[in-house]
Amino acid sequence: MWVGVLLAVLGLGLGVLIGFNIPVVLPQDYAKYMSVAALAALDSVFGGIRAAMEDKFDQGIFVSGFFSNALLAAGLTYIGDRLGIDLYLAAVVAFGVRLFQNLAFIRRYLLKKKFR
Amino acid sequence: MPKKNTAYLSIMLVTAFMGLMLAVQFRAANRAPGGIPTDRAKEMMTELKQVNHERDNLTKEINDLTYKLNQLNKGRTEALNALNSELGKVRMLAGLVTVTGPGIEVVLDNPENGGKTTSPELSFIQDQDLLGLVNELWGSGAEAISINGQRIIATTEIRLAAPFININTTRVVPPYQVLAIGSPDSMANALELPGGLVEYYRDIGFQVTVEKHDDLTIPAYAAR
């Protein structure tokens, strides 16, 4: 469990390091899609942590959920842009709610584990 | 254990990817502080379109005005040319320029031996005779006339002053060489008409010769 957390933090640091050092700068037009995709990814990761705490962690579900959520969110935003609807708001709300739910679950789990 | 290892690997991969996304997004969002809101960008796009349209219109207007200006300039040069040619014509009519061209030369002289008529006044060329000749020449299409080098203009007088004739206040003496530019044939025909002026003068006893020339030069009026 803690090895997993360590590896996750390590991977995050590595990704951030790469992201800040690659010479490619995301064009302003795509920043919106990327932001929604990043939110979806964040949600997926927290969902994975929650699943791990529930001992329900499944590698396939985690990886596929991560990428499909991110792509779906970005695609939804793109379609919304084309249709003239701020569809990315739906993604933001949905993933935001789930993010807080996951965070709340993780908090409760940690508290339970500590004070039991 | 290998399953656990792949799980760790996948976790690391996914978190690394997320970190990459976050970092890229962070940089993109930080690049232009605040960024340009989409609405503002759209507004500016429409503004740009409008300004471009306006510019196109103004370019069209420039072309239009340039065309008009050219037309006006052309018109001005045309008017200038017309005025210049008019001026030339008027100067020629006023006798202020030397004229060359085809014409006739009429030489008029007094009778050789006092004439055969009785009256001495009639046997000498008088101012009326020259006036009549000039009048006849004008009437038959002369464009410019001179007598003994004196250009005949609108204010030219031909008058008897004692025994001489004054033209342009200059004394002229026989033989009188009258040059006229115009159609040589029509002028000569008018003069030599049967019963015409030349015949009449010859009857009186004047010596008259009429010659056609292809190239005559009549001097300009010498103002004094």
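Is A:Asp43 buried or exposed? With a relative accessible area of 0%, A:Asp43 is buried (under 20% relative accessible area; exposed means over 50% and partly exposed in between, with a 1.4 Å probe and protein chains only). The model is predicted, so that local features need pLDDT of at least 70 and side-chain atom pairs count only at pLDDT 80 or more, while totals for chains, interfaces and linings use all residues. Residues are numbered from 1 along each chain as its sequence is written, chains are lettered from A and ligands numbered from 1 in the order in which they are written, and side-chain values use heavy atoms, with hydrogens and water left out.

The structure holds 7 salt bridges over all chains (a side-chain nitrogen of Lys or Arg within 4 Å of a carboxyl oxygen of Asp or Glu). In one of them, A:Asp43 meets A:Arg98 at 3.2 Å, N to O. A:Asp43 belongs to helix 2 of chain A and A:Arg98 to helix 4 (residues 88–115), so the pair ties together parts 55 residues apart in sequence; helices (H or I, at least four residues) and strands (E, at least two) are DSSP runs, numbered from the N terminus. A:Arg98 is partly exposed, at 40% relative accessibility.

A salt bridge of 3.0 Å, N to O, is formed by the side chains of A:Lys32 and A:Asp81. Because A:Lys32 lies in helix 2 (residues 28–53) of chain A and A:Asp81 in helix 3 of chain A, this pair ties together parts that are 49 residues apart in sequence. A:Lys32 is partly exposed at 22%, and A:Asp81 is partly exposed at 29%.

In chain B, the salt bridge between B:Lys68 and B:Asp64 has its closest N and O atoms 3.8 Å apart. Both residues lie in helix 2 (residues 38–94) of chain B, 4 residues apart, about one turn of the helix.

Chain B contains 5 helices and 8 strands, and buried residues make up 32% of its 224 residues. An open sheet of 3 strands in chain B has the order 4-5-6, with antiparallel pairing; two strands pair if DSSP finds at least two bridges between them. Its edge strands, each pairing on one side only, are strand 4 (158–161) and strand 6 (170–172) of chain B. Strand 5 (residues 164–167) of chain B is joined to strand 6 of chain B by 3 bridges, and B:Asn166 stands opposite B:Arg171 in strand 6 of chain B.
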